[in-house]
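Colleague: I am new to reading protein models. Could you walk me through this one, feature by feature?

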Amino acid sequence: MITSGLQDYIELIYNSIIENKELKAIDIANRFNISRSSVSEALIRLSDLDLILYEGRKGIKITEKGIVEAKRIIKKHEVLCDFFHKILNVDFEIASKNACKIEHVIDEELIDKISNFTEFCIANNINNN
């Protein structure tokens, strides 16, 4: 399992590629308000884990393994956000912010159960109004 910080990196890299935006280490440093050297270290770790291809100034590319990991993280975020917002009626911004925190520590089995519960509630028009 990769750290929550590295998960944030892989999610950002994946989203940038989906949006067809070139992403460089300096962009990540600015986005997370951290030093470029810290970003370079993290990118090297992601590269060592075979989640990205990082060749310094040549840019950042995501591997198939990285895409799988990014989609897993994004799914967790979406499931949690939907549950908080659609079922518990929490404001979307608060739901999203908390989903981002929890997505890094919650396991897959619990995510699947929350997803199934949310789908059941939506299908049966059950929520916390």
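Modeller: Happy to! Keep in mind that this is a predicted model.

Colleague: How do I read burial, and what share of the residues is buried?

Modeller: A residue counts as buried when its relative accessible area is under 20%. In this protein of 129 residues, 39% are buried. The accessible surface comes to about 8,200 Å², and carbon and sulfur atoms account for 52% of that surface.

Colleague: What do the contacts tell me about residues at least 24 apart in sequence?

Modeller: Take the contacts between residues at least 6 apart in sequence: 56% of them join residues at least 24 apart.

Colleague: And the charges: how far apart are the mean positions of the positive and negative ones?

Modeller: There are 17 positive and 21 negative charges, and their mean positions are 5 Å apart.

Colleague: Now pockets. How does one find empty space?

Modeller: Rolling a probe the size of a water molecule over the atoms shows where empty space is left. Here the largest pocket holds about 220 Å³ of space. Its lining includes D8, E11, R31, F32, H77 and C100.

Colleague: Which elements give two or more residues to that lining?

Modeller: Those are α1 (4-18) and α2 (25-32). The largest share, 4 residues, comes from α1.

Definitions and conventions:
Residues numbered from 1 in each chain as written. Predicted model: local features only at pLDDT ≥ 70, side-chain atom pairs only at ≥ 80, totals over all residues. Heavy atoms only, no water. Buried < 20%, exposed > 50% of the residue type's maximum accessible area, 1.4 Å probe, protein only. Contact = heavy atoms within 4.5 Å. Areas by Shrake-Rupley, 256 points an atom, 1.4 Å probe, with all protein chains shown as cover. Lys, Arg positive; Asp, Glu negative; His and termini not counted. Charge placed at Lys NZ, Arg CZ, Asp CG, Glu CD. 1 Å grid on protein atoms, 1.4 Å probe; cavity = no way out; pocket = protein on both sides within 12 Å on 5 of 7 lines; lining within 4 Å. Points joined across faces, edges and corners; volume = space filled by probe spheres on them.
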